Amino acid sequence: MAEVTSLCVLIFFGFVAFAVFRWRRRELYRLAAKIPGPVGWPITGNAHMFVSVRSSEDLEQVLRKHAGDIGSGISKLWICSRFLVVLSEPEYIQTLLNHPSAVSKDELIYGQATTFLGRGIITRNGEKWARLRKPAIKVLHPKSIAEFELKMQKRLDELYTVLDTKAKNGGHFDISHYITRFCFDLLVETGAGVKTINELKTNSLNFPTFLEEALEEATLSSISLLTIFNLNPNFKLKKFGYKLTQISENIMRARLNATTSSAQDENKNCLNIMDLATSVGELEKLNFHETSKLANDFIVAGSDTPSKVIAGVLLMIAIHQDVQERMYQEMKDVFGDSDRPAEKKDLEKMKYLEMVLNEGLRHFGPVLTARRIDSDVPVGSYVLPKGSLVILTQYYVSFNSKFWERPYSFYPEHFTPEANQSRPKGAFLPFNAGPRGCPGKLYAMQVLRNTVSAIVRRYHITTEIEYHQVTYKFHLQRSAGNPIIKLARRL
Ligand code: HEM
């Protein structure tokens, strides 16, 4: 009898707790009811849709199908008690990204990034985020990077040495690792004022392979159901994170040596990523390890993203010889027979190069990004309730035939001035927009222009791969899985 009474009391209190929980969230349920979406199961909601997801490509396909099924450009999902809204309408995406209540990142999506990168600018929120954001914009502006073009040219000369050997040998090879290493070295020198060749020799790590494996692990653990239910110990990802911080520590030591040594150092007086980390570290009373960790986001975002776009574009123009020829002719018009290095004013004249790079960013831009809503946000005729997690399906929009004449072709004409004018703004946001958009956009575009144009000027690029044979990886962004090309010297 006593057991039955206890059970009844337990059920009663369970019921009361559930009722209070529902009542407190009544506004969320009211607004959620107005957003279209598939009917969920009791308790787990729509979680079953993700059970078969084993890779980021699977996840992208589930969300793409979902975004496509719901024609209104907005759809809801429930993962147990978490409320998600998937946006695929450019106008809604644009509105959301610029709304001051949609600036926060959410643990459900960005938690794994924190395990790998630490709590830096990418995953911080509120005041702690703003502390890093303001100086980051300043530091990453190409104007603040002393002698960018000179340093760029020195790094390109090193890249040429490797690529000339490849051209001489004449075989096909995967370009991606060489470009990742190049972007990493360039970022560390231009953005952190350190010459990696010397300072990182002590670190026997192969950075491109390390980065690729770490991002794969971060992506897989983000979509694991164990992570959703907070049961993922993440030992492997923690180990990757530890190694990454060791790299940042090496760079930080080298930077501190440069600023304290009496030797003449050309980078000594320019503000940079490591100084930014140091000043925030001092403010937050962090030790050396934690301070160095603040640079992790910049090291990864700054070398991985541009390198994926560059490798992808090189593969695409190897496939599309007509595009490559037109780029080469444009350079001939600017430089004639001179082999002088490109300057900013030369690159600004190359309108076709810009169209090719934008088409590259459409192909190899972000797959998904997400925001947490801190107060109700109106989009179109809907209201996204406070506390919801909004997923922006950039990849779906980038390949939607509503906005692109030939979505599954590499077609730089997508970016003629007329085409740009006729497309809604939110349909092409490779760097996102608004207060949390990419602070490295200008720096990245300068790296893309310089590197791609320099390679096309020096080499004729070919491949045996056809457009439909290109494989893709889905990490932070979409990248070509097989950028295997062959080079022949032109100059
Ligand atoms: C082609 C190259 C690049 C692309 C396509 C790209 C794209 C993006 C996107 C879409 C975001 C927003 C992510 C989100 O909302 O979750 C972002 C954020 C960020 N990017 Fe980039 N990025 C590129 C290059 C760079 C470079 C070169 C740097 C630094 C040197 C950089 C540093 C950052 C940082 C620090 C953030 C986080 C900003 C914040 O949360 O306030 N990115 N990037």
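How many nonpolar, polar and charged residues does the shell around the ligand have? The count is 16 nonpolar, 8 polar and 3 charged. The model is predicted. The protein chain carries 21 helices and 11 strands.

**Overall build**

- The C-alpha trace spans about 95 × 55 × 35 Å along its principal axes.
- Of the 491 residues in the protein chain, 41% are buried.
- Residues 24 or more positions apart make up 75% of them.

**Ligand shell**

- There are 27 residues around the ligand. A301, G302, T305, C438 and G440 come nearest.
- Four helices each supply at least two residues of the shell: α6 (126-139), α8 (176-192), α15 (296-319) and α21 (441-458).
- Which helix gives the most to the shell around the ligand? That is α15, with 7 residues.
- By class, the shell has 16 nonpolar residues, against 8 polar and 3 charged.

**The open sheet**

- Four strands form an open sheet in the order β1-β2-β7-β4, and the pairing is mixed. At the edges are β1 and β4 (369-372), each of which pairs on one side only. Neighbouring strands of this sheet are turned by 25° against each other on average, direction ignored.
- Helix α4 (residues 90-97) packs on the sheet. The helix touches β1, β2, β4 and β7. Its direction makes about 120° with that of β2.
- Strands of a sheet pair through backbone hydrogen bonds, in either the parallel or the antiparallel sense.

**Strand β2 and its partners**

- Strand β2 (residues 82-87) is largely enclosed by the rest of the structure, because 5 of its 6 residues are buried.
- On one pairing, β2 runs antiparallel to strand β1 (residues 74-79), joined by 6 bridges. Partners include S75 with V86 of β2, and K76 with V85 of β2.
- The hairpin of β1 and β2 has 2 residues between the strands. In this hairpin, C80 takes a positive phi near 50°.
- On the other pairing, β2 and strand β7 (residues 389-392) are parallel, over 4 bridges. V85 stands opposite V390 in β7.

**A buried alanine: A113**

- A113 sits in helix α5 (residues 107-117).
- Why does A113 count as buried? It has 25 C-beta neighbours inside 10 Å, and the cut-off for a buried residue is 20 or more.
- Leaving aside residues up to four places away in sequence, A113 touches I122, T123 and A218.
- How far apart are A113 and L237 in sequence and in space? The two are 124 residues apart in sequence and 9.2 Å apart in space, C-alpha to C-alpha.

Notes
Residues numbered from 1 in each chain as written. Predicted model: local features only at pLDDT ≥ 70, side-chain atom pairs only at ≥ 80, totals over all residues. Near = placed C-beta within 6 Å. Nonpolar A, V, L, I, M, F, W, Y, C, P; charged D, E, K, R; others polar. Buried ≥ 20, exposed ≤ 12 C-beta atoms within 10 Å, placed from the backbone. Pairing = 2+ DSSP bridges. Contact = placed C-beta atoms within 7 Å. Axes fitted to C-alpha atoms, helices over the stretch in contact; angles between N-to-C directions.
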